[in-house]
Amino acid sequence: MSDLKPRTLISVQERLRDQVAHALRAALISGELRPGVVYSAPALAADFGVSATPVREAMLDLAREGLVEAVRNKGFRVTELNERDLDEYTEIRALIEIPTIGRVTGTATAEQLEALRPQAEAIVAAARKHDLIGYLEADRQFHLDLLGLAGNAHLVEVVGDLRKRSRLYGLNRLDERGELVTSAEEHLELLDLMISGDAAAAEACMTRHLGHVRSLWAEGQAEPEEPRPALKLRVR
């Protein structure tokens, strides 16, 4: 029995680290953590209501993903993306995702595709409820599960990494203008085209969707972010 407790403590610590990393990624994507700003682990830990250790560990995970960089004796700086970075990420995603969508349209069953409808509807529902974190989480899961139907786990991993690195900024302003709903509804359109078996139309829809996403990035970076409220840890 004596050796069970340490394993339990490690498990709890690792789970907390994963939860913090997830919350930080969500805050980066939504713009709560701003590019170029240095954040200290103790300050973030106070916002989350946890100790600094899991925050530091989670930040190191994000540093390995290229989302933040360590600043000696200060904390972590959120990496800034320039227009070239965003264009290159979009180009890589297009090269991977558009033909994969066409291939999956021809190989996936209607039942497999229809099973993704609740996720597509969740994206729209989150956009209409102004739930930005819910929108981003549902959007990520839908796209990765859809690509997963191609049967290539490495492809899904690469796209997942690209999505982390090409995070969206300025979603609050876009949400206020109602533009996120338009982007969200494209997921249902894409799904319907794929279920109908129209690979060419599905690829065209995916092309338009990626272009729309790229325009959201550009608009989101056009104005400085307003200060955000304290972060909250969402336990999963």
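In which helix does G134 lie? Select G134, and helix α7 will be found around this residue. Helices here are DSSP runs of H or I with at least four residues, strands are runs of E with at least two, and both are numbered from the N terminus.

This is a predicted model, in which local features need pLDDT of at least 70 and side-chain atom pairs count only at pLDDT 80 or more, while totals for chains, interfaces and linings use all residues. Residues are numbered from 1 along each chain as its sequence is written, and side-chain values use heavy atoms, with hydrogens and water left out.

**The whole protein**

The secondary structure comprises 11 helices and three strands, which follow the order α-β-α-α-β-β-α-α-α-α-α-α-α-α from the N terminus on. Of the 236 residues, 44% are buried; buried means under 20% relative accessible area, exposed means over 50%, and partly exposed lies in between, with a 1.4 Å probe and protein chains only. Among contacts (heavy atoms within 4.5 Å) with a separation of 6 or more, 77% join residues 24 or more positions apart.

**Helix α7**

Return to G134, which is buried, with a relative accessible area of 13%.

Is L147 buried or exposed? Its relative accessible area is 1%, so L147 is buried. Beyond its neighbours within four places in sequence, L147 is in contact with E97, T100, L155, V156 and V159. The C-alpha atom of R103, 44 residues away along the chain, is 9.8 Å from that of L147.

**The nonpolar cores**

Select I101, L113, Y135, F142, L146, L190 and M194. These residues have the most contacts inside the largest nonpolar core, which has 26 residues. A nonpolar core is a set of buried Ala, Val, Leu, Ile, Met, Phe, Trp, Tyr and Cys residues joined through side-chain atoms within 4.5 Å. Two or more residues of this core come from each of α4 (83–107), α6 (117–128), α7 (132–148), α10 (179–196) and α11 (199–220). Helix α7 gives the largest share, six residues.

Centre the view on L146. Residues up to four places away in sequence aside, L146 touches I101, V104, L113, L116, L190 and M194. Apart from this core lies another, of 22 residues, which includes A21, A27, L28 and Y39.

**Helix α10**

Select α10 and look along its axis. Which residues of α10 are buried? They are L180, S183, A184, E186, H187, L190, L191 and M194. These residues lie on the same side of α10, because they cover an arc of only 135 degrees around the axis; the arc is that of the directions from the helix axis to the C-beta atoms. Just after α10, select G197, which takes a positive phi of about 85 degrees.

**A last stop in helix α4**

Finally, select T90 in helix α4. T90 is buried, with a relative accessible area of 14%. A polar atom of the T90 side chain lies 2.8 Å from the backbone oxygen of L86.

Terms used: A polar contact is a pair of N or O atoms within 3.5 Å; within protein, one must be able to donate a hydrogen and the other to accept it, and residues adjacent in sequence count only if both atoms are side-chain atoms.
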